[in-house]
Amino acid sequence: MASAEPPKEPTKEQTGEGDGPSKSALKKAAKQAEKEKKAAEKAAKQKELEQQKTANEVDYASEFYGPLPLNQSQSRPRRARDQVATLSERVGQPVLIRARVQTSRAQGNKMVFLNLRQRTDSVQALLVVTPEKVSKQMVKWAASLADESIVLVEGTAEKTQEPIKSATVSDVEIHVSKIYLIATIDGRLPFSVEDANRPETVEAKEAEGAQYNRVLLETRLNNRVVDLRTQTNQAVFTLQSAVGDLFREFLSKNGFIEIHSPKLQGAATESGASVFKVSYFKGNAYLAQSPQLAKQMAIAADFERVYEIGPVFRAEDSNTHRHMTEFIGLDLEMAFEEHYHEVMEVIDAMLKHIFAGLSQKYKKEIETVKRQFPAEDFKWREETLRLTFREAVEILVEDGVPREELDDFSTENEKRLGRLIKAKYDTDYYIIDKFPMALRPFYTMADPEDPTLSNSYDFFMRGEEILSGAQRIHEPKLLCEKMISKGVDPETMKHYVDAFRMGCPPHAGGGIGLERVLMLFLKLNNIRRASLFPRDPKRLEPLVWERSDQPHSSSIPPVQFAVRAQAEGSMAIVGSDPSGAATTSAVNDTPDPDTPSPYVNDKPGVQRFIGIAMVAAMLLAILFVWLYTSRRPKPDSSSKSQTPTYPHSARSYFCCGRRRKRASSSKWTEVALPVAEQSADELAEHEPRSPTVSEKERSKMLQSEPRGLIKEVSGGVVMYTEVPRPAMPKRERYPIDWEFERAHRARFEPSRSQHRHSERSRPPRKTSTRQ
């Protein structure tokens, strides 16, 4: 009978007696409560986010913004577009404009300001979140538009309470209701158009009181497409077009006919020293440096009065602020009745017509240019000031210029004369007549009273020459004499001379540089600012190329020039870093008569120096590697033996041989023997040992060995050197233990049968099969 176990007494926890729950239980309860609280907060937050997401998913303005499909002329709704310049007249009316986003500025997530630009005009646009019209997504998308993107904006023109300083149309802003993207930029702008449009003078910068990146001229020319978008450049080239229109307008009213002369000539025109030579099929041709000869031939053909607007080419290595190798010439020629001053007066009236037309019809564009290039208004007199060359020389001599320096006017003296005339006569425009005959080309008519002077004239603006003209020689015999005196063969210009043999009236004319007139009228300080894509000795495209005897193929123009000046320096490296900040450069936009070029260094270019240094370093590195890898241990010249011996260093060779005991000594020495191909493990068993005999004895011992391979270790590289088989020495000199020799060779040398076969032709091993 099993005995019953006494019942266990209940614990305090079971009976509920005691002092309360333990500390561990309290901690667990607290942790559990904290976890539940966090879970509840997370769930509430998640629910709120889901509600916001659900609300945001409903974009009620999705049809009012976004990129437009590619325009492939799919349709033509014929909706009229408005111009920014006319928005002041459209207050309270709906407008539709296409413009560029110059800048954008977001105010939180419910408002964004856009500065929209059209050529020289800009206006502010405002986009504000409006129920059922403008959503937050629409505002966010508009704020993310890249600068210089092209957009189509629809909205309402509203009057502003205060003038908007950042826009040219300051009294109106557009309240946008729809905005679509037409085109965006691919990549990053080299500089911002806003920075490129800022004033150039230090005074204007200090007055503005803001810090910004200055865009240098070279950076502008290298990225000309972006630079041309500025309001200043838009105004400059509007004025350039106006100069051509006013030139045509005046001459057409005065009986002139526009002609178009060829630019390829069969001979070097004029002096022949500044023309471009080009390959022309099986011969050569020359680019015309002026339409001078064609104009004169037209006069001989009874055209009476002609003019031309076209390109002019000058192969002059002049890197100054007012010279280019290609520019637009405004040329005219006319027959006169009595005196060449008739022509000079027509040219004078034409130029004053241009000045007056620009000042009256294009005030807005002139003011736009002045914001970046502040300058005094161009001044001229109703009765133009005329001076002879001698009178101009006297004015400079009175101001302290030595007379011997005034055989011709240098750029410095021209500007000095302009300042003196401005101070004395208060005019920026004047004429100088009767230049020395030595300074004029062969076709210029001499003065009838003083043969050392010529019937020629120059017109000046702000102290710089803009036009050079003269009466031409129309008598063929006198023309041939002048050509010979100037070193020109009349036979090379036979067709030109023959035109005068058939009778030609007296005539005169001149040529004007369009870009130079514009530069001086607006005071742009550099002629490249007045040229769309300037060409000078250092520039053949928007990117700079550095000339040499063999320039890069991508930089060579289609024609080969016969006149190619050597570059004495290299173009200064001017640009902007990725952030748009312009780098420091030696470029000087302000013309300096003492400096031959405003942006060319006289010292060798940094890039050229770095390139030469890199090439030299590469050649030295290649030479060093070649010398290091081709180095071999040199034979010891102290040995008289014909076989090569090696230095005493134990690591200069690998002795896979045996120890021999000399008959006359108890010392053991190492002797190099032929080494067969061995595995790495076998070679590792034999460490090099230091020799204990002289080099002479060693060479004799080497001679005693048969022809074979001696293994060497040099710099960690294992090499095999073939040694010629020497004559066997006498046995009595070196007694050999042949039993040791046979045992040694049996261990370290392959058998003759193995030596006959290569690894590929070696017969396969016999393998035993399991029974």
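Here is a short chat about rings and surface patches in a predicted model.

Q: Hi! How many aromatic pairs does this one have?
A: Hi! The count comes to 17 aromatic pairs.

Q: Nice. What about phenylalanine 355 and phenylalanine 521, how are their rings arranged?
A: Their ring centres are 6.1 Å apart and the planes sit at 15 degrees, so the pair is stacked. The cut-off for that word is planes under 30 degrees apart.

Q: Which helices do those two lie in?
A: Phenylalanine 355 belongs to helix α10 (residues 341-361), while phenylalanine 521 belongs to helix α16 (residues 514-522). The pair therefore ties together parts that are 166 residues apart in sequence.

Q: Is phenylalanine 355 buried or exposed?
A: Phenylalanine 355 counts as buried, because its relative accessibility is 0%. Buried means under 20% here.

Q: OK, strands now. Where do tyrosine 430 and phenylalanine 460 lie?
A: Tyrosine 430 is in strand β14 (residues 429-433) and phenylalanine 460 is in strand β15 (residues 456-461), so this pair ties together parts 30 residues apart in sequence. Their rings form a stacked aromatic pair, at 5.3 Å centre to centre with 5 degrees between the planes.

Q: And why does tyrosine 430 count as buried?
A: Because its relative accessibility is 1%. Phenylalanine 460 is buried as well, with a relative accessible area of 1%.

Q: Which residues do ring pairs link into a cluster?
A: The cluster holds Tyr340, Phe355, Phe378, Trp380, Tyr429, Tyr457, Phe459 and Phe521.

Q: Let's switch to the surface. Which residues gather in a patch of negative charge?
A: That patch is made of Glu404, Glu405, Asp407, Asp408 and Glu412.

Q: Where is aspartate 408 found?
A: Look in the loop between α12 (389-398) and α13 (411-425). Aspartate 408 counts as partly exposed, because its relative accessibility is 39%.

Q: Which residues form the nonpolar patch on the surface?
A: Those are Leu620, Leu623, Trp626 and Leu627, and together they have about 450 Å² of accessible area.

Q: What about leucine 627, which helix is that in?
A: Leucine 627 is in helix α17 (residues 606-629). With a relative accessible area of 46%, leucine 627 is partly exposed. A residue has to be over 50% to count as exposed.

Key. Residues are numbered from 1 along each chain as its sequence is written. This is a predicted model: local features need pLDDT of at least 70, side-chain atom pairs count only at pLDDT 80 or more; totals for chains, interfaces and linings use all residues. Side-chain values use heavy atoms; hydrogens and water are left out. Patches are made of residues with over 30% relative accessible area and no salt bridge: like charges are joined within 9 Å, nonpolar side chains (Val, Leu, Ile, Met, Phe, Trp, Tyr) within 5 Å. Accessible areas come from the Shrake-Rupley method with a 1.4 Å probe; for residues, only the protein chains shown count as cover. A salt bridge is a side-chain nitrogen of Lys or Arg within 4 Å of a carboxyl oxygen of Asp or Glu. Lys and Arg count as positive and Asp and Glu as negative; His and the chain ends are not counted. The place of a charge is taken as NZ of Lys, CZ of Arg, CG of Asp or CD of Glu. Helices (H or I, at least four residues) and strands (E, at least two) are DSSP runs, numbered from the N terminus. Buried means under 20% relative accessible area, exposed over 50%, partly exposed in between (1.4 Å probe, protein chains only). Rings of Phe, Tyr and Trp (its six-membered ring) pair if their centres lie within 6.5 Å; planes under 30 degrees apart count as stacked, over 60 as edge-to-face and the rest as tilted.
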